[in-house]
Amino acid sequence: MATEVHVHGRIGQSIKRKEDGRFLRGKGNYLDDIELPGMLHMAILRSPHAHARIKSVDTAEASKMPGVLAVVTGELMAQHKLAWMPTLSYDTQAVLATDKVRFQGQEVAAVIAETRYQAEDARDAIVVDYDLLPAVTSPEQAKAQGAALIRDDKENQKDNHIYHWESGNQETTQAAFAKADKVIRLHTFYPRCHPAPLETCGCIADVNGATGKATIYMTSQAPHAIRTVFALVTGLPEQNIRVISPDIGGGFGNKVPVYPGYVVATAASLLIGRPVKWVEDRSENLISTGFARDFHMTGDLAVDKDGRMLALRVHLDSDNGAFFSDAQPSKFKAGLFHIVTGSYDIPTAHVTADGYYTNKAPGGVAYRCSFRVTEASYLIERLVTNAAIELGVDQAEFRKKNFIRKEQFPYHSATGWVYDSGDYHKAMDVALEQLGYDEMRKDVEARRKKGEVTGIGIASFTEVVGAGHGADFDILGLRMFDSAELRVHPTGKAILRMGTKSQGQGHETTFAQIVTEELGIPAADVAVEEGDTDTAPYGLGTYASRSTPVAGAATAMVSRKLRDKARKIAAHLLEAADEDLEWETGRFYVKGSPDKAKTIQEIAFAAYTNVPEGMEAGLEGVHYYDPPNMTYPFGTYAVVVDVDKGTGQVKVRRVVAVDDCGVRINPMIVEGQIHGGLAEGYGIAFMELITFDADGNCIGSNFTDYLLPTAVETPRFELGETTTPSPHHPLGAKGVGESPTVGSPAAYVNAVIDALAPYGVRNIDMPVTSDKVWAALRAAGVNE
Ligand code: CDP
């Protein structure tokens with residue numbers, strides 16, 4: 001039996017983040033910190049119109065401006081067959097517009113100059129003549145008779161419809177609805193919002209004319225996938241493309257897609273023979289790069305007279321913008337919306353989804369989300385609270401009555417997923433206890449009698465993260481495994497290289513901790529390196545909370561491979577048989593003789609100096625992990641709000657968040673992830689909105705219009721936890737990064753709806769701003 005041994009940094013220890021030393025000292029190495037000899041700068045000219053035909057692009061003045069080396073237009077790109085590029089969803093996207101512009105902010109031309117000032121000045125001297133076309137700004141308009149055709153570049157595209165997708169069983173769902181005692185309907189809109197990472201997107205393309213090697217520094221969450229896509233698009237041999245993702249200041253899905261700027265900068269570097277840097281400014285980031293959500297959703301929940309859920313029917317209209325460009329596993333056109341039955345044992349469900357082109361920036365990135373999980377979770381949790389209100393039952397009790405029970409796992413959902421593990425009743429009980437739910441409910445009633453507007457919102461979400469098993473998941477056909485390569489040096493120190501890429505999640509710490517747990521090398525002695533395609537093994541990158549479920553598992557597996565070899569070396573050193581050795585973290589000892597032992601450091605030295613006859617020297621390996629299933633983290637969030645009747649202002653009084661992500665590798669980092677996600681969820685629920693006027697002008701192009709929560713608005717969070725290990729993950733861990741962004745918006749909004757329920761209000765679309773709340777109260781005859 002292994003004994004408990006203290007090695008610094010084992011799983012479960014909240015050690016400080018190794019990477020923070022350099023970040024706190026201002027020594028991070030972000031894209032814009034990189035300066036290469038002879039480097040040029042690129043500025044992009046963007047369309048001021050949402051939909052317009054391009055009559056001409058006049059670059060004469062711009063070309064003559066000081067410091068300008070090149071002005072690149074769509075026409076020039078077309079000469080090199082680079083005016084259009086494939087997207088991650090099997091569509092095409094304009095790199096620089098040739099025929100039409102299809103959203104405000106679309107890339108039209110680019111200037112490459114000695115300095116950024118010169119590039120931007122010359123950009124402003126380009127003259128484009130446009131012929132305006134009517135703008136389409138919603139799926140409703142997109143499908144209307146006579147709507148302007150947005151994608152007339154596509155041969156067989158006769159309307160603005162992109163896809164129709166169905167999941168579940170229509171027949172059994174219809175039959176269940178026919179027998180229902182009550183059907184509760186919710187129509188709601190999950191508005192367009194933006195991941196808005198602190199660092200915007202950008203790249204430096206450095207194509208070496210002599211060697212043919214293209215080195216592209218890029219703010220990419222998925223450098224390997226980008227390398228392959230670049231190889232396929234440009235025809236450059238893949239070994240001649242090196243993508244380096246340096247430190248990244250937040251991604252949240254915004255840094256997964258391939259943006260036109262990357263392609264233009266690379267083409268420009270190739271043509272000019274010097275490195276070209278392109279870094280977006282804030283407004284460019286907000287108006288043109290990967291938006292999220294924009295889902296119009298209708299859900300019907302059928303229940304019987306005892307309050308049991310019988311069936312769920314859902315329809316979605318998705319607004320994808322002008323190009324269908326977000327990363328999607330090819331088998332799931334509406335992504336992981338399959339999780340829409342959530343934490344409930346709903347026998348049958350039927351989901352339909354339609355995607356539409358509109359004159360908006362390409363959208364649909366999974367902002368801190370696994371391919372539409374957030375929208376699904378929001379819909380079911382809002383619907384369940386509304387159902388409880390309509391049935392006149394307690395929303396916590398209604399949930400508990402319908403939760404999937406612990407003994408039902410692995411649970412086969414009505415839309416075809418197999419949930420790995422869960423104990424929803426326990427998470428709910430811990431949350432209710434922590435909130436003091438019963439007392440709080442009485443307090444709410446007492447306050448209401450005094451005329452106050454106050455309420456409690458609950459969301460008991462189930463997530464599906466860790467994309468994904470290769471048989472079902474791919475991006476452009478690339479299977480979604482991930483990898484880890486571990487090298488232990490002669491002195492027992494190690495380097496771990498991975499196909500993932502941290503954007504602030506603390507991978508340098510947590511993945512080192514997995515090596516510590518499995519091999520006993522202290523976390524401080526394990527360097528973790530990600531983001532360089534020339535050195536790291538292939539992987540699909542970091543998004544959708546997949547790093548721990550997939551690359552974390554790969555790290556455990558490669559460590560175990562090395563431990564197997566270490567056992568043989570230890571046996572040789574101790575002159576014992578392999579099977580007579582016992583492992584405890586950091587050393588092998590002879591069974592019954594704990595003093596006869598070899599530490600992992602001694603074994604590592606021997607791996608290079610004294611291996612058994614016939615054994616290969618060294619202690620290193622690589623593991624590619626194809627997960628057998630997704631992981632299903634869950635939790636219960638409870639929020640208490642007070643609403644000011646006079647102004648409609650919502651004040652969040654309490655937020656209790658109980659998360660279960662299986663075994664926690666670093667509890668402090670997990671809590672940090674949850675704090676961040678709860679803050680982002682708060683912003684989405686109450687503040688953030690990218691909207692468009694009738695002409696398709698984007699409103700929300702800067703941080704005075706697009707409101708992110710600061711420390712002033714962000715409520716205090718009270719965290720709790722339960723631990724239900726994943727049965728298939730080697731460490732029992734599930735992903736966690738996106739859980740709070742997925743789970744919390746419904747909890748916040750449910751609290752407002754609970755507060756307004758006595759006034760007959762059942763829905764306010766996010767962001768739930770004071771004016772909307774005030775208007776709802778006013779419509780209900782509240783006269784303050
Ligand atoms: O893919 P991404 O890194 O964004 O998400 P994640 O796998 O949920 O991990 C976020 C951070 O939390 C990483 O540093 C993880 O290693 C850590 N984590 C943990 O310590 N324990 C877990 N059960 C899950 C994540």
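**Note on the ligand site and domain contacts**

1. A backbone N or O atom of Cys661 is placed 3.3 Å from a nitrogen atom of the ligand. The model is a predicted one, in which local features need pLDDT of at least 70 and side-chain atom pairs count only at pLDDT 80 or more, while totals for chains, interfaces and linings use all residues. Residue numbers run from 1 along each chain as its sequence is written, and side-chain values use heavy atoms, with hydrogens and water left out.

2. A nitrogen atom of the ligand lies 3.0 Å from a backbone N or O atom of Ile665, and a side-chain N or O atom of His507 is 2.7 Å from a ligand oxygen atom. On its own the ligand has 510 Å² of accessible area (Shrake-Rupley method, 1.4 Å probe; for residues, only the protein chains shown count as cover), and the protein covers 98% of that area.

3. The shell around the ligand holds 23 residues, of which Gln505, His507, Ser547, Thr548 and Val736 come nearest; a residue is near if one of its heavy atoms lies within 4 Å. Eight are nonpolar, 12 polar and three charged, where Ala, Val, Leu, Ile, Met, Phe, Trp, Tyr, Cys and Pro count as nonpolar, Asp, Glu, Lys and Arg as charged, and the others, Gly among them, as polar. Helices H14 (507–519), H15 (547–574) and H17 (667–686) each give at least two shell residues; helices (H or I, at least four residues) and strands (E, at least two) are DSSP runs numbered from the N terminus.

4. There are three domains: domain 1 (20–27 + 482–625), domain 2 (36–135 + 195–288) and domain 3 (420–466 + 631–784), with bounds from an automatic or database domain assignment. Domains 1 and 3 each contribute at least three residues to the ligand shell.

5. Ser545, Thr548 and Pro549 supply 34% of what domain 1 buries against domain 3, more than any other three residues.

6. Backbone points to check follow. Phe409 and Pro410 are joined by a cis peptide bond, with omega about -5°; Pro410 sits in the loop between helix H11 (395–402) and strand E18 (411–412). Tyr90, not a glycine, has a positive phi of about 65°.

Key: A polar contact is a pair of N or O atoms within 3.5 Å; within protein, one must be able to donate a hydrogen and the other to accept it, and residues adjacent in sequence count only if both atoms are side-chain atoms. Buried area is the accessible area (1.4 Å probe) that two parts lose on being put together, summed over both.
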